[in-house]
Amino acid sequence: MNQVDYLRISLIDRCNFRCQYCMPEGTELDYILKQDLLTDEELLTLIQKVFIPVGFTRFRLTGGEPLLRPRVVELVRAIASFRETQDLSMTTNGFLLAPMAQSLYHAGLRRINISLDSLDPEVFDQIIGNRGRSRWQDVWNGIQAAYSVGFDPLKINVVVIPDVNDQEILDLAALTIDKQWHVRFIEFMPIGNLSLFGDRGWISSAELRQRIHARWGLTESQVRGSGPADIFQIPGAKGTLGFISQMSECFCDRCNRMRLSADGWLRPCLLNETGQIDLKTALRTGVSTTELRQKVRELLAIKPEINFKSRDSGTTGAYTRTMSQIGG
């Protein structure tokens with residue numbers, strides 16, 4: 001396996017969208033109480049005194065929706081200020097991004113992923129569970145603002161849902177032709193949502209690539225990311241196309257990450273719940289950061305076994321948390 005040096009940090013489990021693949025309709029979500037969230041001080045302590053010393057140098061801020069976190073710009077500035085921080089990025093739905101993009105960039109954020117599952121406002125609102133004023137334009141404005149500010153790479157995340165948005169694959173891929181945008185198609189993963197879209201299944205990345213290739217041609221890109229995406233490019237395009245194939249292809253051997261939930265649980269693998277550590281409770285009950293470092297090192301040592309022997313446990317049987325609660 002690759003060296004594990006990348007931590008995805010959920011800042012909050014709440015979101016201003018209710019995307020069907022993340023928070024299924026009809027599901028009652030028990031949101032984390034404010035007092036049970038990691039405080040800014042606790043999070044920064046864990047990053048500086050536990051995660052950085054054991055080898056983590058790259059951090060991605062996620063949610064829920066991370067821009068709902070109070071004082072998020074100050075938190076970005078603090079994490080970016082650590083001399084060991086080699087990379088700091090964020091995944092957002094973009095709804096609140098337009099007025100915040102410049103401040104986040106000045107604070108030290110350089111890379112951003114924005115979810116945009118459809119270019120059709122009606123389809124978009126269906127996917128995000130919106131029943132009021134359309135939110136598509138606000139998200140599009142956020143993307144444009146991030147591009148103008150200078151975020152590079154600027155990535156657009158698309159979860160492909162059969163018979164919902166898969167007919168837009170070519171239109172979404174075309175966004176990469178004239179701008180240095182990086183569109184990433186993500187196979188739908190039933191994390192905590194076993195029955196969701198069960199009648200539709202999912203579409204493999206290979207099929208998506210075939211569709212795009214038939215229209216423009218498709219070549220492997222010289223750009224190589226650090227994550228699980230396979231990178232391709234439409235000939236002559238300024239941007240790239242990424243394909244994240246967690247359902248059709250195993251990429252455990254390339255996994256370089258762990259996940260920290262907003263309430264302080266360190267999770268070694270997205271697809272199963274083996275070996276999680278409750279860092280928040282340990283910190284609040286006086287466990288030293290020296291001891292916490294040792295616990296994390298032990299988890300890092302067994303991560304390959306967890307990945308390869310238990311990767312399917314998240315899609316069968318009981319599963320405690322949905323994607324919104326994990327901080328995917």
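Residues are numbered from 1 along each chain as its sequence is written, and side-chain values use heavy atoms, with hydrogens and water left out. Because the model is predicted, local features need pLDDT of at least 70 and side-chain atom pairs count only at pLDDT 80 or more, whereas totals for chains, interfaces and linings use all residues.

The chain holds eleven helices and twelve strands, taken as DSSP runs numbered from the N terminus (helices H or I, at least four residues; strands E, at least two). Of its 328 residues, 57% are buried, that is, under 20% relative accessible area with a 1.4 Å probe and protein chains only. Among contacts (heavy atoms within 4.5 Å) with a separation of 6 or more, 74% join residues 24 or more positions apart.

The twelve strands form an open sheet of mixed pairing, in the order β7-β8-β9-β6-β5-β4-β3-β2-β1-β10-β11-β12, where two strands pair if DSSP finds at least two bridges between them. At the edges stand β7 (219-220) and β12 (277-278), each with a single partner strand, so one side of each has no neighbour in the sheet. Strand β4 (residues 111-115) pairs with β3 in the parallel sense over four bridges, and Met90 stands opposite Ile112 in β4. Helix α5 packs on the sheet, touching β4, β5 (154-160) and β6 (181-187), and its direction makes about 165° with that of β4; such angles run from 0 to 180 degrees between N-to-C directions, with axes fitted to C-alpha atoms, for helices over the stretch in contact.

In helix α2 (residues 72-81), the buried residues Val72, Val73, Leu75, Val76, Ala78 and Ile79 pack against α1 (40-51), β2 (58-62), β3 (87-92) and α3 (101-107). In the loop between β10 (257-260) and β11 (265-267) lies Asp263, which counts as buried because its relative accessibility is 9%. The side chain of Asp263 makes a polar contact with that of Ser261 at 2.5 Å, the term denoting a pair of N or O atoms within 3.5 Å, of which, within protein, one must be able to donate a hydrogen and the other to accept it, while residues adjacent in sequence count only if both atoms are side-chain atoms.

Technical notes
Buried means under 20% relative accessible area, exposed over 50%, partly exposed in between (1.4 Å probe, protein chains only).
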